[in-house]
Amino acid sequence: MLEIKEVSRYFDNFTALDKVSLNIAAGEFFTLLGPSGCGKTTLLRLIAGFDQPDNGDILLDGKSIIATPPERRPLHTIFQNYALFPHMTVTENIAFPLRMVGCTQAEINRRVAEALEDVSLPDKGNHYPDALSGGQKQRIAIARALVNRPRLLLLDEPLSALDAKLREQMQLELIKLQKEIGITFVYVTHDQGEALALSHRVAVMNRGTIAQVDEPSRLYGFPNSRFVADFIGQCNLLSGKVTQLQDNRAQVELEGLGPVQTAIPADSTIAVGRNCTLTLRPEKIHISSRVSHDEVEAHFKGIVHDMLYLGDVTVYKVELANGMLLEALLANSSPGRARFFEIGDQVEVAWHYDAGHLVMD
Amino acid sequence: MQQKSWQQRLLTLPPMGYLLIFFAIPTLIMLFASFRYTGEYGGLAPWYSIENGTLAFDLTLENWQRLFETDIYLRLFFKSIGYALVTTLLCILLGYPLALMIARSQKKHRDLLLLLVILPFWSNFLVRIYAWMIIFSPNGALTQMINSLRDLLGLAPISIMYSATAVITCLVYVHLPFMVLPLYANLEKHNPALLDAAQDLGANRWRRFWRITWPLSLSGVYAGSILVFIPVLGMFAIPDLLGGTDGIMIANVIKQQFVESRDWPFGSVLSMVLTATAVLVVLLGAKIGQQGAR
Ligand SMILES: Nc1ncnc2c1ncn2[C@@H]1O[C@H](COP(=O)(O)OP(=O)(O)OP(=O)(O)O)[C@@H](O)[C@H]1O
Ligand SMILES: [Mg+2]
């Protein structure tokens, strides 16, 4: 439905977007995720029409919208600080887009009432925005953007100004709303947790390029690069070199640790002799005081260097022989038993051959 | 918060004292003077006398009656209000685009542009008016240019000097910065995201201005209007020098009463009416301004 074709944007000598291509389907909750300054807002402004790409094209339903000014694009934006009009009541704010297309007063009244109902604030119509809380402003901004049913809703870090609790609640509401009305959402955030929780698909951006586009679970389980693995969730990154390929397993010589067996990822450009990174999620690493050789195939000795008690889980940082710190996660599932190890304990870390995910450097 | 502490009351003392000494007391003196007789050689006659041991007050309503005896003065009042309104309107028309342009220019240029707006204040007020006298004079460049154009069209030459046009032009010129500065201060604070949002929601340039920028700037417009309207209403130097008999304003008559005719009581009557008009305008402006700030 929305097609972004090799779009580039340069500011002076700085490349904010470099040949970005994306395909967003109708009804999708699509998220642009990336660190600060990677070009998320720039891309969103290009889609909204506030800025023009230097190269490439943006198509909506197969038709280029590059030449269409923002006020005539069938899409709306939710701005980071809501941008509600302070001199208008909530009702007038929501009526604004309807007035712009010349709806009759009766129709405006009906649809504004509906929109207020949709965001569960039916009795706030006569308030001015500065009399609303952050969450209420957010809902009004959403109501205003959705009232004339755009094809596409762009949201630029809409929840970043809210506190954690309210943010979580608004996330649930956004998911529900998007499902109900079925409008395509393009959502921008630098919060990977938010991206994973909300989206059907996520595009991870890095320095003006798209690093990976995938479903949240695949993004987490099968990152295609060191950057994505590192950016999404906690991850141990072990550098190494491919030394052998056999059946569906590769042997990798990890720097300072020695050879390990690992599964070959499906869509990999793997070849013997290539530099690679083994990405290992902390929850996939076993940690024990006994030396065991069953079922797990990679195991290394280490010393507990640090630990972080988080309530539900405890994070252990284990120092390996080569001085590297490996993060492992243990669930505190049995009551009264928060600690399995103490700092300084000799332990063994181990992981199953297909626990790690191999990416080429 | 209901009861104000004595510290809070203390804080309001300096402004109250200032208003009392520099506004309330002089106004009361003027009000009192408007009920007195003219002295033998002008100025004010004593307001009481003691004859045969009895005290008599020498106060009169004559001066106020004189105000309504002819319509000269009321006409002059309305004319002055008219001049002030036209000047204010022209200042808005000229000052608004300028203030908007400065507020939307790059940050690093704004200070310089503002400096240019107040630059005229660096030269003497009278010198600047004399400059306009030269521009408007029959041999001045402007008059010559206009008249040679009119000549081409077969029209009779005109004189700009000593006309309402000359007075209002100069009034606008002198007071424009007083409009631009409060307008700029207001416009500069506008959140640009609001315009983006309005555009995003389907408003073209024209509607973005009238539905967002203009209503949000109303308090600035009123502030500027008051700063222009009030001093223009009391202006006498410009009509004195550029107005001739046609372009005279009420303040000229007041000055004339005090200086040339030395009729202080009647001068006081006229001053009181002027002051009352100004106060009314301010109150009205403040009220509308408050609503505009909503
Ligand atoms: N108008 C501009 N002129 C010059 N550089 C710009 C402009 N707009 C953006 N940039 C640069 O482009 C880069 C990308 O900016 P952008 O706002 O898209 O980042 P972002 O991914 O939205 O970051 P954040 O998460 O901090 O909002 C930044 O380095 C920024 O400095
Ligand atoms: Mg941004």
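1. A salt bridge is taken here as a side-chain nitrogen of Lys or Arg within 4 Å of a carboxyl oxygen of Asp or Glu. By that criterion, the side chains of Glu173(A) and Arg139(A) form such a bridge, with an N to O distance of 2.9 Å. The pair links distant parts of the chain, with Glu173(A) in helix α5 (residues 164-181) of chain A and Arg139(A) in helix α4 of chain A, 34 residues apart. Glu173(A) is partly exposed at a relative accessible area of 29%, whereas Arg139(A), with 13%, is buried. The model is a predicted one, and every point below should be read with that in mind.

2. A search of the whole structure returns 16 salt bridges over all chains. One of them joins the side chains of Asp61(A) and Arg151(A), at 2.7 Å from N to O. Asp61(A) sits in the loop between β4 (55-60) and β5 (63-64) of chain A, while Arg151(A) belongs to the loop between α4 (134-146) and β7 (152-156) of chain A, so this pair ties together parts that are 90 residues apart in sequence. Both ends are partly exposed, since the relative accessibility is 41% for Asp61(A) and 37% for Arg151(A).

3. The side chains of Glu327(A) and Lys317(A) also meet in a salt bridge, here with an N to O distance of 3.9 Å, which can be set against the 4 Å limit of the criterion. Glu327(A) lies in strand β18 (residues 325-331) of chain A and Lys317(A) in strand β17 (residues 313-320) of chain A, so the parts that the pair ties together are 10 residues apart in sequence. Glu327(A) counts as buried at 16% relative accessibility, and Lys317(A) counts as partly exposed at 31%.

4. Salt bridges also link Glu107(A), Arg110(A), Arg111(A) and Glu114(A) in a network.

5. Which atoms of Ser36(A), Gly37(A) and Thr41(A) approach oxygen atoms of ligand 1? For Ser36(A), a side-chain N or O atom is 2.5 Å from a ligand oxygen; for Gly37(A), a backbone N or O atom lies 2.8 Å from one; and for Thr41(A), a polar side-chain atom lies 2.5 Å from one. Taken alone, ligand 1 exposes 630 Å², of which the protein buries 58%.

6. Two bridges join the antiparallel strands β4(A) and β5(A), and Leu59(A) stands opposite Ser64(A) in β5(A). The loop between β4 and β5 of chain A is where Asp61(A), discussed in point 2, is found.

Notes. Residues are numbered from 1 along each chain as its sequence is written. Chains are lettered from A and ligands numbered from 1 in the order in which they are written. This is a predicted model: local features need pLDDT of at least 70, side-chain atom pairs count only at pLDDT 80 or more; totals for chains, interfaces and linings use all residues. Side-chain values use heavy atoms; hydrogens and water are left out. A polar contact is a pair of N or O atoms within 3.5 Å; within protein, one must be able to donate a hydrogen and the other to accept it, and residues adjacent in sequence count only if both atoms are side-chain atoms. Accessible areas come from the Shrake-Rupley method with a 1.4 Å probe; for residues, only the protein chains shown count as cover. Helices (H or I, at least four residues) and strands (E, at least two) are DSSP runs, numbered from the N terminus. Buried means under 20% relative accessible area, exposed over 50%, partly exposed in between (1.4 Å probe, protein chains only). Two strands pair if DSSP finds at least two bridges between them.
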